[in-house]
Amino acid sequence: MKKTLLQSQCSLYKTYQDRNGNWRFSTEPHLVNFSSVLTAPAQTDLVSQIRSEPYKSEKQQQLKKQLYGITPSAIQVGGRGEKYVVAHSGFMAFDIDGIGGDMQRIFDLVKQIPYTTYCARSASGNGIWGLFPISDKTKHPQHFDAMKLAFEELGIAIDSAPRNVASLRFFAYDENAYFNETANVFDKIFEPVKTPKTKLKSNESSSRKGEAKELINYFNSNVSEDVIDTILTNYGFTLHHRKGDHIYYTRPDKTTAAGLSVDYHTGRRTLYAFSSNTPGIEHFKPEASGGWSASPVTILLQYECGGKDWKRAFDIMKSI
């Protein structure tokens, strides 16, 4: 018999302050029951403080960094990111952001979906997140794409981040959360039909290439250091220390005691690799002075999008 939500497990990542006073997620996951994280009050004073601040204000964003994180779809061992996933929880998350004054209507609408087994306010109090049980753990992305289309039919846009099975989210206890332990199992999948490519006319091709280049340039010039940090740490890099405009990380499968691997310069928005053992180094640009460099879009594509999923990369760039 399939386990219900409260009988199932996921990974929990606690937070800590580094030597510079910055809040970071631990890279050591804790195996927890959903029952213990969804029904037991935790960090309630912090959540109240976050929700009292203006939505997406700098103060609110800083406070959110103290919250614990969970990977609702994944059980992970030894770190964070897809390479550390050892099992699927059997549940898939949805995240609806920026609802504001429409909160109650959307909340009531989502509760009526027969696949919704859990629904609660997000950490900011201005959005909703929840879970669907899924039928095939090996087809998480296809289930997610089908769920995204289903929400769109209801006039609701959901965040694309949970399409990644290892996606980590801030967790905030909600005493008014909705539970349905007998929710229907979501068995719908979406796989686009592959059709022969039609050669574009030159003016159409130029236009599309121009739009893509403009988006890439904007992302490279404006992406925040928090987004880069999330991409790197989700992949398995470990923050070593920060000094001025430099944020130093140790690559996956290497201890921080063994030294540094990469340096992200927040002013230049460039990642420099010192070691040829850095994952994806073949896609970095060799520097005449030694080492290799990568732009934010290269970081995104290699460490968040499997090195080739440009569609997902563009979706993320558009959402930043």
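**Basis of the entries**

I worked from a predicted model, in which local features need pLDDT of at least 70 and side-chain atom pairs count only at pLDDT 80 or more, whereas totals for chains, interfaces and linings use all residues. Residues are numbered from 1 along each chain as its sequence is written, and side-chain values use heavy atoms, with hydrogens and water left out.

**Entry 1: salt bridges**

I first asked how many salt bridges the structure holds. The count is 14, a salt bridge being a side-chain nitrogen of Lys or Arg within 4 Å of a carboxyl oxygen of Asp or Glu.

I looked up Asp229 and found it in a salt bridge with Arg24, with 3.1 Å between the closest N and O atoms. This pair links distant parts of the chain, since Asp229 lies in helix H7 (residues 225-235) and Arg24 in strand E3 (residues 23-25), 205 residues apart. Helices (H or I, at least four residues) and strands (E, at least two) are DSSP runs, numbered from the N terminus.

Are the two partners buried or exposed? Asp229 counts as buried because its relative accessibility is 11%, and Arg24 is buried as well, with a relative accessible area of 11%. I applied these cut-offs: buried is under 20% relative accessible area, exposed is over 50%, and partly exposed is in between (1.4 Å probe, protein chains only).

I then turned to Lys83 and Asp253, whose side chains meet in a salt bridge at 2.9 Å, N to O. This pair also links distant parts of the chain, 170 residues apart: Lys83 is in the loop between strand E6 (74-76) and strand E7 (85-88), and Asp253 is in the loop between strand E14 (246-250) and strand E15 (262-265). Lys83 is partly exposed at 44%, and Asp253 is exposed at 66%.

For Lys111 and Asp108, I noted a salt bridge of 3.7 Å, N to O. Both residues lie in helix H4 (residues 103-111), 3 residues apart, which is about one turn of the helix. Lys111 is partly exposed at 28% relative accessibility, and Asp108 is partly exposed at 29%. I also recorded that salt bridges with shared partners join Asp18, Arg24 and Asp229 into one network.

**Entry 2: positive phi**

Most residues other than glycine have a negative phi. I noted that Lys56 has a positive phi, near 60°. Lys56 sits in the loop between helix H2 (44-52) and helix H3 (58-64) and counts as exposed at 53% relative accessibility.

Arg269 is not a glycine either, yet its phi is positive, at about 50°. I located Arg269 in the loop between E15 and strand E16 (270-273); at 26% relative accessibility, Arg269 is partly exposed.

**Entry 3: helices H8 and H9**

At what angle do H8 and H9 pack? Helix H8 (residues 296-304) and helix H9 (residues 310-319) pack at about 125°, with axes 10 Å apart. Axes are lines fitted to C-alpha atoms, for helices over the stretch in contact, and angles run from 0 to 180 degrees between N-to-C directions.

I examined the contact (heavy atoms within 4.5 Å). Val297, Leu300, Leu301 and Glu304 in H8 meet Trp310, Arg312, Ala313, Ile316 and Met317 in H9.
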